[in-house]
Each structure stands twice: as structure tokens, then as C-alpha cells.
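Look over the sequence and the model, then read on.

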Amino acid sequence: MQKQLTTWQLIDKSLQHDIPVMLLYVLESKGSSPGRQGFLMAVNVTGEMQGSIGGGIMEHKFIEMAKEHLAKNIREQEVRKQIHDKAAAKDQSGMICSGEQTIFLYHLQKNDRHHIKNIIESIQENQNGLLTLSPSGIFFTSKAEPYFNYHFHFVNKNNWQYQEKTGYKNHIYIIGGGHCSLALSQLMSGMDFYIHLFDNREALHTMEQNNFALEKIVVNDFTLLSELIPSGNNNYVVIMTFGYRTDEEALRALLDKDFKYLGLLGSKYKTGKMLSEFKKEGVTAKVLKAIHAPIGIPIKSKTPEEIAISIAAQIIKVKNETL
């Protein structure tokens, strides 16, 4: 989220000081495109830049194009498809990674600053909003549907609309505030996850140290998690409390929820024993199969940092499976 913020801040600073600035936005991506939908970049006429639309020779080409347009005061907006295949008949990006992406180039105007300032304020306050891009330019509102992420409708270069929910799209709920939780929070904060942290221990040192979580909540009873953690396709839950009883209590509270990801930290024996007990109680195989237990990818991790990498890698895999 910090990368998005610095990009919008460069745009705002440029507009404030009457420095011509261009917005480059990936409206759509397919296949193995290095620039994914929602990637954005700002380039001003002095050569300052923030963000990325995928890197490599393609990004360099678009940066130079943006600077040239700005220097010549070319103000029309433009949509360009880039195909990452040198055998393509047209729209070659110069890259060979396969896939394709569609990029919007927009010379921002002084009257766009109102929307830019609202975007910056929304991100700084950890709120969601709705960004709309079209041939008419840029528009932003603070109203966004909770389950909406992206939509791109294209008829032709003069008739299209792109909409995106700004702010954090994915939420991770970490139950347990120990050393592994601290390491995982640090990793996930760099991947634009809104981090909610729960523990039932007052004044826990590692929880107080955790400056990566945006919400830190002390709950006396983990059964209350059923009220505090909502279902959702953008919600990820990691259970890593200090003991078997509290793990079981937390997991039981969430069994009837529907998450993108639900994982339980522990040995194969411990997690197997817990799931076996739930099965005896009548919890369905479908519900139990959806639980990642033991959590993480098998890399023989030992330290909190290694465990965090194992868990983060599994979460990324689940998140990207449907992209």
C-alpha cells in the first residue's frame, strides 16, 4: 500500500507545483504478464517517478514515451496493449515472458487534484474507495462495495471503463501474538495485507513490539472470534496461539465461517489429533479439508522467520490460484 501511496503523492506534488505529470495504469493483464492489473506508475517531466507497470524494457519504453509526451505537452489520453511475444504481429512489448497487458497513459490536469487528494487521504486512513478511469480521465469516490476488486469493460479506445477498489483488498487475521506472529506480520505488511492481530494475553511483549499490525485486539475468550472475524473471499486466517487448548478454541469458533484461507500452526501430530477430534464430533470432511494443517509449505522451517516464510508462501499460492 505504501508503494501506491508514494505514487499518488508524487502526482499530487507535481500538480501542486505545476509540473506536468503522467499516470501509467495497467487496466488489464493476461497470462504471465509482468505488469498485473492495478499496477500503476507516475512520471513527471523532470524525470521523477514512482511505482511500476511491470519493469524491463517495456517499462523503460513507456517512461520515455511519457516524458516525451509531457515535454511536448501532448494532453490526450491513450490506451495501449502490450503483447510479451516477439512473434506477435503488432503491439510487441519487447519482452518474451508471454501474456499481455493493457496500459492507460493519462496526462493529469490541475482539476484532477481533488480526486488525487481524496485517494491519498483514503489510503492514509486505511479506507477503501472506488477509482474510475475512462476516456474522460480520473474519478474517485469513497464508496466501494466490500466484495468488489476490479472491473474493466472495453469496447474501443474511445469507449471503455476501468474500476478498482482502492486501499487494502486482502485482510489477514492472525490469532496469537508471539514470535512467529511478529515475523509473519512483518512479511505480510510488505504484501499489502491489512493485518488484524488477536491474543488473549495482556501486555504481551511481542505483541507490543508488533508495529506491522494495523489492529491489535486483546480478547479474553477466543470463542468471541466468531463475532470479530467475518467470512469473506479476501479474508485469510492464521491460528498460532501459545497452546493446544487455545488453538482448538480459536479454530472451533471459526469452523462455520467461509474464508479464502484458514491455517493452523503446529506439528503434524498435534493438528492431526485436533482435526480427528472434530471429525468424531461430526464436523464434515469438506470443512476439515479446507483447513491448512499443518500450516505452510514443507521447507523444514525452524525459526520464526522461516516459519513465517513458509506460511506466507502458502497464502500467496492460495491468493493467486484464481488470478
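**A helix pair and a sheet**

Helix α4 (residues 179–189) and helix α10 (residues 304–320) have axes that come within 8 Å and cross at roughly 50°. This is a predicted model: local features need pLDDT of at least 70, side-chain atom pairs count only at pLDDT 80 or more, and totals for chains, interfaces and linings use all residues. Residues are numbered from 1 along each chain as its sequence is written, and side-chain values use heavy atoms, with hydrogens and water left out.

**Terms**
- Helices (H or I, at least four residues) and strands (E, at least two) are DSSP runs, numbered from the N terminus.
- Axes are lines fitted to C-alpha atoms, for helices over the stretch in contact, and angles run from 0 to 180 degrees between N-to-C directions.

**The helix pair**
- The crossing of α4 and α10 is right-handed (the near helix is turned clockwise from the far one by less than a right angle).
- On α4, the contact (heavy atoms within 4.5 Å) involves H179, C180, A183, L184, L187 and M188.
- On α10, the contact residues include P304, E305, I307 and A308.

**The sheet**
- Four strands form an open sheet in the order β7-β6-β9-β8, with antiparallel pairing (two strands pair if DSSP finds at least two bridges between them).
- β7 (137–141) and β8 (150–156) are at the edges, each with a single partner strand, so one side of each has no neighbour in the sheet.
- From one strand to the next, the twist averages 15°.
- Antiparallel strands β6 (residues 129–134) and β9 (residues 159–166) are joined by 5 bridges.
- L130 has K165 in β9 as its bridge partner.
- Helix α3 (residues 113–124) lies across β6, β7 and β9, at about 40° to β7.
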